[in-house]
Amino acid sequence: MASSSAKSPSLLTVTGKSTRHVNLLLINPNSTQSMTDSCLKSIESTLPQHVTVYGFTCPEPGPSAVEGKVDAVISAADSFRALHPLLRADPKRFDGFLVACFSAHPLIAMLREEYEQPVMGIMEAALYASRMCGESVGIVTTSERSAVMHARSTVEYGFANYSVGCETGHVSVLELESLPRDVVYAGLGAAAQRLVDKGADCICLGCAGMTGMREAVSSAVGMDERKAMVVDGVAIGIHFLTALAQESLGTPKSGVYRSSAAGRARRGQQWL
């Protein structure tokens with residue numbers, strides 16, 4: 001039997017000395033400004049002092065919500081064109097880009113192809129974090145249509161073997177803000193509990209509009225008791241991008257994400 005007087009092992013320590021400031025751009029590819037504002041407000045309390053996050057909202061007539069393929073394509077094109085003059089004027093202004101739409105949004109690949117900075121979508125951020133923390137992931141989503149689309153994207157991202165599926169709160173994206181809070185929270189909490197009943201130990205909030213609702217969903221599934229983790233892709237995406245920027249990691253340009261800008265120039269195409 002070990003002696004009760006045995007000393008605890010000494011541990012070596014290191015204290016961070018980095019003074020590098022990280023500037024990130026949170027891109028809301030729909031035209032609802034209040035959603036961008038909610039995303040920025042939700043991350044403020046956990047944001048390190050050396051990180052600044054700027055918010056971009058797709059200009060009108062971009063779709064006010066992304067709820068299908070047409071919305072996604074139009075919002076990607078409108079956002080890309082609106083961002084291009086800003087990023088062309090100062091290519092190094094931002095250290096990373098977060099696309100705040102819970103989907104395999106086409107803007108993610110577009111930005112990776114055109115720019116060198118790391119780019120992440122909030123769906124992939126939430127899925128990766130869930131897989132790091134647990135074994136089975138479920139997604140709380142807005143509508144039945146979104147559930148089908150998220151299920152397909154989960155396969156595309158390589159998480160099919162770890163997914164228990166999606167459950168819906170039976171609200172539209174914009175109803176997350178317009179309906180009474182207690183109605184929205186009750187629907188999302190019930191959906192999250194159904195996922196836990198199906199075996200999920202990590203729950204992804206399946207819409208940028210759910211940012212700020214993590215506490216209500218966490219309470220419903222017992223996150224404080226460590227019964228299940230609730231992951232907000234907006235918050236964890238910002239932290240992932242901060243780490244990538246600090247390590248000077250970005251998008252490699254020798255393969256599929258080689259920029260097409262030179263090809264456009266050869267064709268004499270000076271427009272996007």
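Predicted model: local features only at pLDDT ≥ 70, side-chain atom pairs only at ≥ 80, totals over all residues.
Colleague: How many residue pairs are in polar contact between domain 1 and domain 2?
Modeller: The count is seven residue pairs, both residues at pLDDT 80 or more. A polar contact is a pair of N or O atoms within 3.5 Å; within protein, one must be able to donate a hydrogen and the other to accept it, and residues adjacent in sequence count only if both atoms are side-chain atoms.
Colleague: Which elements give two or more residues to the side of domain 1 that touches domain 2?
Modeller: Those are α1 (33-43), α3 (106-114), β4 (119-121) and α9 (233-246), taken from DSSP runs numbered from the N terminus (helices H or I, at least four residues; strands E, at least two). With five residues, α1 gives the most.
Colleague: Fine. Where do the domain bounds fall?
Modeller: Domain 1 is 22-121 + 236-248 and domain 2 is 123-232, from an automatic or database domain assignment.
Colleague: Which side chains meet in a salt bridge?
Modeller: Arg 112 and Glu 124 do, at 3.0 Å, N to O. The rule (a side-chain nitrogen of Lys or Arg within 4 Å of a carboxyl oxygen of Asp or Glu) finds one salt bridge across the interface.

Conventions
Residues numbered from 1 in each chain as written. Heavy atoms only, no water.
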